[in-house]
Amino acid sequence: MQQSAFLPHQALAQLFDVLQRDGYTVVGPTAEQGAILYRQLDSVDQLPVGLVDHQAPGRYRLEQQAHGRYFDWVGTAQGLKPWLFTPEQPLMVAREVEGGLRFESVHENVPPTAVIGVRGCDLAALALQDKHFLQGEYPDPHYSTRREQLLLIAVNCHRSAATCFCVSTGDGPEVTGGADMVLDELDQGFWVRATSPRGSALLARLPTRPLPGWHKRRSKTLRKRARVQQRALPSRDLRTPLYQARDDETLWQSVADRCLTCGNCAAVCPTCFCSRVDEESPLDGGQSTQVRRWDTCFNDEHSYLVGHVVRKSAVHKYRQWLTHKLAIWHDQYDRSGCTGCGRCITWCPVGIDIVEEVQRLCTEVKAQEPHE
Amino acid sequence: MAKASVAVHKLTSCSGCQSVILNMGDNLLKLIELVDIRHFIEAGVNAPDAQVDVAFVEGSISTHEDEERIKRVREQSRFVVAIGACACSGGVQALRNVKDSAHWASAVYADPGYLDSLADSSPVAELIKVDLELWGCPISERQLIAAIRALLHGVAPVLPTEKVCQECKRAGQVCVLVSQASPCMGPVTRAGCGALCPSFGAPCYTCFGPSEQPNCDALGERLVGLGIPAQQVAERFVSISAGAKPFQRAWARWRIPVKELEP
Amino acid sequence: MNDPWLPQQAVVMEKVMETPDVATLSLKLADTAAHQRFRFDCGQFNMLYLFGLGEVPISIMDLRQGLVQHTIRAVGRISRKLVALEPGANLGLRGPFGNSWPIEEARGRDLVFITAGLGCAPVIAAIRRVIAARPDYRRLVIMQGVKHREDLLWQEQYERWREVPDCQVLLAASEEKQAPFAWSLGMVTTLIDKARFDVNNCTVMMCGPEPMIRASMHGLEAVGVGLENCFVSLERNMQCAVGLCGHCQMGTPFICREGPIFRVPDIRQWFLLEGY
């Protein structure tokens with residue numbers, strides 16, 4: 001079976017056609033609200049042609065360039081998270097009935113969904129969310145329903161944004177796994193590789209041609225170039241320095257002074273999984289729905305415990321978020337909770353840079369160690 | 001069981017929050033069935049001295065009459081709910097608390113002698129014990145319904161104190177501060193509106209007052225760093241909830257011209 | 001896939017007001033088969049749901065005469081309404097969740113229970129199980145601290161335990177002016193010095209407010225008890241009880257999933273730090 005081929009640029013529309021004929025809802029990148037977002041797409045025309053993103057701490061801008069590539073942007077405002085772990089999810093409906101209460105599960109009809117354009121960091125994050133939502137004793141049925149319907153067509157990054165640091169986490173810029181199909185885009189078209197049986201079946205139905213050697217070579221060169229990143233975490237396992245830093249609150253004061261505790265970092269983080277459960281009833285009662293909403297450890301309510309808030313100060317909140325993400329995750333899920341996508345840096349309204357903070361913490365912890 | 005009796009009082013305000021109640025559509029009809037409305041001037045029910053279980057109070061304490069009125073409301077009501085930015089923080093009219101406002105009266109009114117207003121516009125909770133505050137300019141219908149439902153269940157409602165950013169991200173909106181350098185107050189403003197303005201690409205205006213733990217210093221510094229003049233930054237904090245203490249402090253800090261801040 | 005979010009209907013069969021703000025509710029699941037299947041391990045908890053209001057985690061006090069018992073203090077918006085329920089009232093129940101006290105592993109050892117306030121409820125069933133299998137265990141020490149004498153729940157139960165062979169019952173009141181007869185004055189931790197047990201062959205189980213647990217840890221170490229033999233039941237803002245919502249993480253563990261009961265050294269580094 002053919003696993004690797006060339007798809008001419010103008011033939012991408014046929015990928016849409018095949019998917020739509022098979023009943024897939026196609027989700028892909030589109031420019032909206034000044035950013036690249038994943039949205040349900042009807043046609044290839046909605047893809048962001050020639051758009052490039054410029055990211056910096058607390059800053060995201062799009063620039064129109066003269067080329068015709070669809071996937072030359074690097075980062076979407078959100079990863080796959082909202083498509084699986086939905087921001088607002090009804091969990092259960094309770095009804096007052098004759099003789100008591102009746103409880104009903106919430107079942108959803110989720111169509112098969114193909115996501116085009118996914119990057120390595122977001123696939124790595126998906127694997128982490130799978131661990132959390134599916135691989136415990138109590139899998140979440142709502143996440144599971146959506147996950148089962150997902151077909152993933154990934155794209156290797158040929159550029160890195162200034163905020164990317166996936167090389168240091170080992171999750172990009174190339175796709176490291178988890179996709180059904182992987183694309184490398186050049187002006188002329190795509191190097192298409194099937195990386196799952198479903199991907200192979202899809203590839204067989206596309207009007208592909210043999211892959212020219214130059215396309216392969218050029219793609220590899222660009223991938224290599226994307227590996228040159230401005231930011232890098234000091235190591236993949238930061239437990240030792242961060243657990244040391246954890247015990248000294250003064251090390252966290254400078255970042256806490258700037259932190260808005262707004263939770264944007266957690267909301268855009270593709271691995272953050274916290275949620276709360278709200279109860280919602282219509283005015284006339286009779287029924288009541290439990291709704292799960294994205295939550296964050298930056299909210300007081302998150303650590304509320306009979307009359308007091310366990311993590312009240314910004315020091316405690318930021319320390320919880322950062323030590324959890326980069327250290328505690330190793331103990332919970334056998335790897336760091338960060339895949340280097342850089343969203344928390346870009347979308348922090350005051351531009352707090354997690355990489356810079358970690359480097360500072362590591363340096364300060366080291367400075368505290370007794371000299372021999 | 002007897003229906004709960006309800007009054008909707010108006011102090012110094014624009015009546016916008018009362019309009020939210022009138023504008024509830026089907027829910028207004030349901031509300032009339034669930035409770036006994038004794039006073040609600042905007043709806044034409046006029047009995048301001050009625051004894052009630054729950055009193056909703058719109059408006060700030062801005063005049064001597066408001067002062068007297070709110071004390072009576074407290075005596076007449078088992079449970080008092082302050083509704084809207086005016087009742088919760090003094091409202092737009094609390095701008096006079098932070099400005100030298102004496103000259104405004106003569107500039108606006110031909111004969112200011114008829115005016116009877118207090119020096120400050122105050123939130124209701126500064127004069128009486130308030131059992132619940134529903135923030136917003138105007139209040140959110142959704143929160144109002146949730147609050148009434150909870151009260152009918154005999155409990156206090158759970159109201160968010162988190163930042164607008166949380167609702168904004170749940171709604172799938174792109175941060176306007178990050179993508180447009182727009183002076184969005186979402187990071188210091190209490191959620192409740194459903195991130196209405198950012199959903200239309202506009203920055204948040206603090207309608208729901210200060211959130212929990214508002215870091216106004218850090219946000220102000222950021223906005224100044226984006227090139228927004230300090231005076232404008234100061235004004236962003238006090239446009240709607242000028243009576244709220246964290247916003248007043250931010251005003252006091254940022255109204256200083258930038259060059260005076262430099263050593 | 002089982003829906004972990006779906007409660008079962010339960011009915012309040014009996015209610016006992018233990019103090020003016022503490023009630024014991026005895027519940028029956030409306031589904032007879034489910035009710036007969038219901039089992040729990042000592043130390044586990046249920047999520048109790050009130051219509052239109054939401055859920056709270058409540059430890060299971062015991063399963064007696066076929067009824068699931070919860071002893072609840074009216075402290076929050078939902079617990080206040082739970083305490084106000086009357087027999088015949090309907091509610092939702094999910095559970096049981098969490099792990100259990102190590103009473104099987106502790107056979108052949110001295111057992112020490114240190115609890116304060118309502119912390120006694122999650123250990124009652126464990127103490128009862130141990131006493132029902134009395135020959136399997138060595139010495140038994142039961143310590144409970146309250147503010148005022150009248151705050152002590154199940155006074156008769158404690159008096160009966162005084163009669164159990166080789167069982168020391170120690171009670172402390174922290175806010176009385178004078179010690180009631182056969183009581184001590186002060187926090188429950190002051191009782192540790194009075195307790196007679198083999199510090200080299202004991203299992204300690206603790207439940208109560210966090211400052212009391214911290215003080216107990218110090219007190220136990222001071223008398224030579226190895227903390228690896230000490231267990232504690234912890235509490236955080238559990239909203240899902242199934243390891244998904246993330247609220248109950250205390251550093252590494254999810255309290256609903258790996259807890260609520262922990263061997264002290266496993267949780268100590270987080271528990272002693274403010275803000276985790």
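Two residues are taken to be in contact if their C-beta atoms, placed from the backbone, lie within 7 Å.

**Close-up 1. Packing of helices H8 and H11 of chain A in the predicted model.** Helix H8 (residues 239–246) of chain A packs against helix H11 (residues 314–333) of chain A at an angle of about 145°, and the two axes are 9 Å apart; the crossing in which H8(A) passes H11(A) is left-handed. From H8(A), the residues A:Arg239, A:Leu242, A:Tyr243 and A:Arg246 meet A:Arg319, A:Thr323, A:Leu326, A:Ala327 and A:His330 of H11(A). Sorted by class, this contact of H8(A) with H11(A) comprises four nonpolar, two polar and three charged residues.

**Close-up 2. The contact between the two domains of chain B.** Chain B is divided into domain 1, covering 4–153, and domain 2, covering 164–261, and the C-alpha centres of these domains of chain B lie 25 Å apart. Domain 1 of chain B contributes 17 residues to the contact, while domain 2 of chain B contributes 14 residues. On the side of domain 1 of chain B that touches domain 2 of chain B, the elements giving two or more residues are helix H4 (84–89) and helix H5 (95–98) of chain B. The residues on that side of domain 1 of chain B divide into nine nonpolar, eight polar and no charged.

**Close-up 3. Confidence along chain C.** The mean pLDDT of chain C is 95, with 100% of its residues reaching 70 or more. Within chain C, confidence is lowest in strand E11 (residues 184–185), at a mean of 92, and highest in strand E3 (residues 45–50), at 98. For the model, the scores are ipTM 0.95 and pTM 0.95.

Notes:
Residues numbered from 1 in each chain as written. Chains lettered and ligands numbered in written order. Predicted model: local features only at pLDDT ≥ 70, side-chain atom pairs only at ≥ 80, totals over all residues. Axes fitted to C-alpha atoms, helices over the stretch in contact; angles between N-to-C directions. Helix = DSSP H or I, 4+ residues; strand = E, 2+ residues; numbered from the N terminus. Left-handed = near helix turned anticlockwise from the far one by under 90°. Nonpolar A, V, L, I, M, F, W, Y, C, P; charged D, E, K, R; others polar. Domains from an automatic or database assignment. pLDDT = per-residue confidence, 0-100.
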